[in-house]
Amino acid sequence: MDSVYTKTLRISNNLGLHARAAAKIVDLAKKYEAKLYLRKDDQEVDGGSILSLLTLCCPKGTEVEIRAEGPEAHELMEELERLFEYRFGEEK
Amino acid sequence: MKSGEGSAPRILKGIPVSSGVVIGKAHVVETSQLKIVYQYLLDEKHVEMEVERFMDALHTTGEQLKKLKDSMPEPIKSHGFIIDTHLMILQDSMLREGTVEKIRKEQINAEWALKKSLREIRRLFEEIDDPYIRGRIDDVEDVADRIMRNLAGQEAPPLGDITQRVIVVAHKLSPADTSEMDVTKVMGFITDMGGRTSHTAIMAQALKIPAVVGLETATQFVEDGDLLIVDGTAGEVVINPDDSDIIRFQERQVLYQEKESLIAKSSQAPAITKDGYRITVRANIEFLEEVGTVKEYGGEGIGLYRTEFLYLKSRGLPSEEELFLDYKEAVEQVAPDPVAIRTLDLGGEKLTSVPGSLNEANPALGLRGIRLCLKERDMFRTQLRAILRASAFGKVRIIFPMISGVQELMDAKAFLKSIMGELDEEGLGYDPYLEVGIMIEVPSAVTMAEVLAEHVDFFSIGTNDLIQYALAIDRVNEHVAYMYQPFHPAILRMIRTVVEAGDQCGGRVSLCGEMASDPLCTGLLLGLGITELSINARTIPVIKELIRSISIEEARKDLHEVMKLPTARQVREYLLERMNPIIEKLGINESFLNTTQVPMG
């Protein structure tokens, strides 16, 4: 089912959206057919591009607006939410 | 370097070395090697082949990275993440699609497109505050390097397809760099390094395109594809100009052209001082291509033909025939005026083709100039034969460089004579009366000038090297460059000694080097008794005009005063005061006035 999901998530790991965390988002984006976008303020980037994610520059506490659109957008969004909650697997 | 602290300057100031104004796209040349060249792809077919070549290189890079990760030993396996990041960067759309899009849209080669993508990414990263993330650019560069290497391993489209004209931006350009470059596509040059006699300056003047050197930070602030205005007359470069800049510089250009055409009108007339002395003004040239400009600018022949270029350009040493044709062409073009050919003046380190090239700790004091030629006799023979044979077609003079004493001169002359004998036997024509002179650029030659004068027809004072050797400073060494002082009283005394020695033997003394084309020096040199100047062709009209407004009698009086002054700074100040009214009256712009500055400290 094609649809668009948006959600605002907070980056809560200490290191912020650094390379390793960004890589995990990219991995996820690649797994699904749906397109993934992350927006901070007025800058929106492709969730499938590690470089774009890095240039979004999100330290801990940043709120990002996530948009997933296309087939399985819902599943993608759910998994992404878990990834954020899980703080990208970063140890405390 | 591009730390993002403060914004990049919009206008850079440097040393103007070739006049004119040009507006165009920047082509940044990395370091001194031209590994990444710009190529314009002619058609759809080439474009698609190039995209394929790029994708192949990505694929190869990916395979290499995976292999690298697999071969990591257990203890550092956890660092494999770095390689995962690299693989991800490799797949990244900014790099991958961004580059492919550039190849297609701009019809450029993969290397250039990748380089542009990399610059875009770098720009984005520079704006990141977080130092850790900003540092990830290093990973991107690593990946790009790897791709570049793989691209290099694959066949690139043929060179020479460059169809867009660019302004070359480089840290420094060597003759080897420019010999690989299609210079006819270059609209202008700007470099970080270099001075008035740098290779870039000479090249630009020969091509009659604007150039500014010594900008120090050009490669730091100019990005590929930036729009640039290069004002080679004022020494200014504007990065990404706005409309009002463009209008302002176009107005300047019109002004420059008016002034130049005014001066050019009188350039063909001889340079006679106010009190009736005739001064000969000839041209220094380095490339055959420059010969055409000699007459155009009113040069009375060539006072210094530097012959190094053909030795640096070709693979291996040039053949006698190649040299002969080059010299003959120059001789025929300026006939009946003379061409003074300086024999090879290179350090051994520049000639990889010379067997047993040395690794010298101090090349400036090493095997170079006439010393190298007298050691490498076969190479010297080839050049002397070519020069002698060319002398059958016009008026040729020979100048031996770096002569430090009488013995060297005698050896060189004896060798020259033996070669004349060879040509006689072979029945080849040459001018048996051709004049032989030497460069005066080693201080010992100044001291010995009166003895040397008995053995030569003329002296040519090479002030650039003489100043360096006499004051023991390397002008390229930034720590002592401020000591490079043409107005140093010692230098003035040396020139006087040489002129007096020449006068005694009836030999002529000419002066080449930057001093000869510095308007501040003109009166001084005439006062010293110099009757022949050899300068860059484009400065001839101005210097001739200047000579016409000077009287030798006054110049001698000035010299008398100058010789009493103990420091270079005082000499310069005196000359500024004396010459400025004349210079201003002639409307000589500042591009000619930056030549021989003395620091005010």
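**A tour of chains A and B**

Select helix α1 (residues 44–70) and helix α4 (residues 110–126) of chain B: they pack at an angle of about 65°, axes 10 Å apart. Helices are DSSP runs of H or I, at least four residues, and strands are runs of E, at least two, numbered from the N terminus. Axes are lines fitted to C-alpha atoms over the stretch in contact, and angles run from 0 to 180 degrees between N-to-C directions.

Now show E50(B), R53(B) and F54(B) on α1(B), and A110(B), E111(B) and L114(B) on α4(B); they make the contact (heavy atoms within 4.5 Å).

The model is predicted: local features need pLDDT of at least 70, side-chain atom pairs need 80 or more, and totals for chains, interfaces and linings use all residues. Residues count from 1 along each chain as written, chains are lettered from A and ligands numbered from 1 in written order, and side-chain values use heavy atoms, without hydrogens and water.

Next, select the interface. It takes 18 residues from chain B and 16 residues from chain A. The two chains bury about 1400 Å² between them, 76% of it on carbon and sulfur atoms. Buried area is the accessible area (1.4 Å probe) that two parts lose on being put together, summed over both. Pick F81(B), M88(B) and I133(B): in chain B they lose the most area to chain A, together 38% of what that side buries.

Finish on chain A. Find three helices and four strands, in the order β-α-β-β-α-β-α. Of its 92 residues, 52% are buried (under 20% relative accessible area, 1.4 Å probe, protein chains only).

Notes: Buried means under 20% relative accessible area, exposed over 50%, partly exposed in between (1.4 Å probe, protein chains only).
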